[in-house]
Amino acid sequence: MKIAHISDIHFNYGTDFNEKVYEKAVKLLNKINPDLVFISGDLTTDGLLSEYDLAREKIKEINVKPAVVPGNHDERNLGFKLFREVFGETDFIRNYDNVILVALASSEPDKDDGRLGRGRHERIEQAIKKKNKMTVIGFHHHLIPVPNSGREANIIEDAGETLDIILKNEIPLVLMGHRHVPWAVKIHKTLLVNAGTFSCNRTRAHLGYTFNIIDINKDKIEVTVINVKKGEQKKVIEFNLSDGCCFNRYYD
Ligand SMILES: [Fe+2]
Ligand SMILES: [Fe+2]
């Protein structure tokens, strides 16, 4: 199974959204032809109606109908109401061939901080009862600090409890965004993956505009980062679930 993990598009009429980069990124994405596209939030910058209208139109350019959760920016200015109109449920469990996706809204109206809370923790526990499929959890905010993203801010408030549920249940894959930095690290038997920004001009240093392709084959998860402007790809993670071995090339 091939998952395209994209994040932080930031559709906007100000300086955030880079349309040229978006068009190129979508072309690359469609060529890869993933089974699932997961967007981990911040589709807008201010949660405005004009931004959601733009998002509604532009998202159609992606050939696969994406699974989408909101980010902190999407909740601004009553944007949380518009998110539901455009993308539907903010929290859902969806079944794919080999994977069960638990998609959760970590964002709250007019706050940059995130949290999941007990209700969402229960949803995670419900999903993992279906043992025949690999559980993948996705939300916007990060669970642990992300290197190269500046001073720490906005880790979900209940990160400790969330991490505890994820680690003790050996959930193999967690997908996040928010920091505009592509990164991944394995803790215990879990791979925590952050996507960089797909098309927002607020990139960091030379990290550029990126998205992740995640290949899941039986007991192996591979993460490849696609650099949109350079058109380059780099396989950064090979995580073997059966022996726990994980090659991490983010540190090359
Ligand atoms: Fe963002
Ligand atoms: Fe964000």
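This briefing covers the aromatic ring pairs and an iron site in the structure above. The model is predicted, and the values below are computed from its atoms. Six aromatic pairs are counted in the model, and ring pairs join Phe 11, Phe 17, Tyr 22, Phe 198 and Phe 211 into a cluster. At the metal site, the iron ion (ligand 2) has Asp 42, Asn 72, His 140 and His 178 as its protein donors, and Asp 42 also coordinates the iron ion (ligand 1).

**Aromatic pairs**

- The count of aromatic pairs comes to six.
- Among them, Phe 11 and Tyr 22 form an edge-to-face pair, because their ring centres are 5.1 Å apart and their planes stand at 65°, an angle that falls in the class over 60 degrees.
- Phe 11 belongs to the loop between β1 (2-6) and α1 (19-32), whereas Tyr 22 belongs to helix α1, so this pair ties together parts that lie 11 residues apart in sequence.
- Both Phe 11 and Tyr 22 are buried.
- Phe 83 and Phe 87 make a tilted aromatic pair, with 5.1 Å from centre to centre and 45° between the planes.
- Phe 83 and Phe 87 are separated by about one helical turn, because they are four residues apart in helix α3 (residues 79-87).
- Phe 83 has a relative accessible area of 1% and is therefore buried, the limit for that class being under 20%.

**A charge over a ring**

- Arg 94 lies over the face of Phe 92, at a distance of 4.1 Å from the ring centre.

**The iron site**

- Along the chain, the donors of the iron ion (ligand 2) follow the spacing D-x29-N-x67-H-x37-H.
- The arrangement of the four donor atoms around the iron ion (ligand 2) is irregular, because the angles they subtend run from 87 to 160°, while a tetrahedral assignment would need all angles between 85 and 135 degrees.
- A distance of 3.6 Å separates the iron ion (ligand 2) from the iron ion (ligand 1), and Asp 42 coordinates both.
- Asp 42 lies in the loop between β2 (36-40) and α2 (49-59) and His 178 in the loop between β7 (173-176) and β8 (183-187), so the pair ties together parts that are 136 residues apart in sequence.
- Asp 42 counts as buried at 1% relative accessibility, and His 178 is likewise buried, with a relative accessible area of 9%.

Conventions: Residues numbered from 1 in each chain as written. Chains lettered and ligands numbered in written order. Predicted model: local features only at pLDDT ≥ 70, side-chain atom pairs only at ≥ 80, totals over all residues. Heavy atoms only, no water. Phe/Tyr/Trp six-rings, centres within 6.5 Å; stacked < 30°, edge-to-face > 60°. Helix = DSSP H or I, 4+ residues; strand = E, 2+ residues; numbered from the N terminus. Buried < 20%, exposed > 50% of the residue type's maximum accessible area, 1.4 Å probe, protein only. Lys NZ or Arg CZ within 6 Å of the ring centre and 35° of its normal. Donors = N, O, S within 2.8 Å, 3.2 Å for Na, K, Ca; no water. Tetrahedral: all angles 85-135°; square planar, octahedral: opposite > 155°, others 65-115°.
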